[in-house]
Amino acid sequence: VFAFAIYPRYPDYSSGFWGWQAGPRDSIAYFLDHQDEYDEFYLQGEFNTPDPFLPFYIHDEELLKRAHIGDQYEYRPGVRQLFVVSAQNYNLNIDHSLWNVVTTITYPDDTIAFYLITHK
């Protein structure tokens, strides 16, 4: 009986940072939709084994070459880069005067999970 009661709510329950890891799919989808605007895409490496997300969601080999695991410390002037950082990283480690928030990705409960940012 418990399994049937929790089943409909389980995706919400487990979608946090260490659960189903909500966010990579939507972040990568944003990059794919705006690929002409960016030379490189960086998905933060704090995920539990983030490497499979890139080839799972990016099927074009040329786009996959532009996608990396990394964070805002990979910034290079003159390169149009999009970074996905956790809300915690954004709030604790980002100098907001240097970065633009392009969009946010939320968990199912509408709390911000990730910020997609570019350097000003």
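This is a predicted model: local features need pLDDT of at least 70, side-chain atom pairs count only at pLDDT 80 or more; totals for chains, interfaces and linings use all residues.

Q: What makes Tyr 42 and Leu 54 count as contacts of Ile 69?
A: Contact requires heavy atoms within 4.5 Å. Leaving aside neighbours within four places in sequence, Ile 69 meets that with Tyr 42, Leu 43, Gln 44, Gly 45, Pro 50, Asp 51 and Leu 54. Ile 69 itself lies in strand S2, residues 67–69.

Q: Why is Ile 69 called partly exposed?
A: Its relative accessibility is 29%. Buried needs under 20%, and exposed needs over 50%. The value of 29% falls in between, so Ile 69 is partly exposed.

Q: How far apart are Ile 69 and Phe 53 in sequence and in space?
A: They are 16 residues apart in sequence. C-alpha to C-alpha, the distance is 9.7 Å.

Q: Why does Thr 118 count as buried?
A: Thr 118 has 13% relative accessibility. The cut-off is under 20%, therefore Thr 118 is buried. This residue belongs to strand S5, residues 112–119. Beyond four places in sequence, its contacts include Tyr 38, Leu 82 and Trp 99.

Q: Which residues touch the most other members of the largest nonpolar core?
A: They are Phe 31, Phe 41, Leu 54, Ile 58 and Leu 82, out of 19 residues. Elements giving two or more residues to this core include helix H3 (24–33), strand S3 (81–86) and S5. Another core, of nine residues, lies apart from it; among its members are Tyr 42, Phe 83, Ala 87 and Tyr 115.

Q: What does Ile 58 touch, not counting residues up to four places away in sequence?
A: Ile 58 touches Ile 28, Phe 31, Leu 32, Leu 63, Leu 64 and Ala 67.

How values were computed:
Residues are numbered from 1 along each chain as its sequence is written. Side-chain values use heavy atoms; hydrogens and water are left out. Helices (H or I, at least four residues) and strands (E, at least two) are DSSP runs, numbered from the N terminus. Buried means under 20% relative accessible area, exposed over 50%, partly exposed in between (1.4 Å probe, protein chains only). A nonpolar core is a set of buried Ala, Val, Leu, Ile, Met, Phe, Trp, Tyr and Cys residues joined through side-chain atoms within 4.5 Å.
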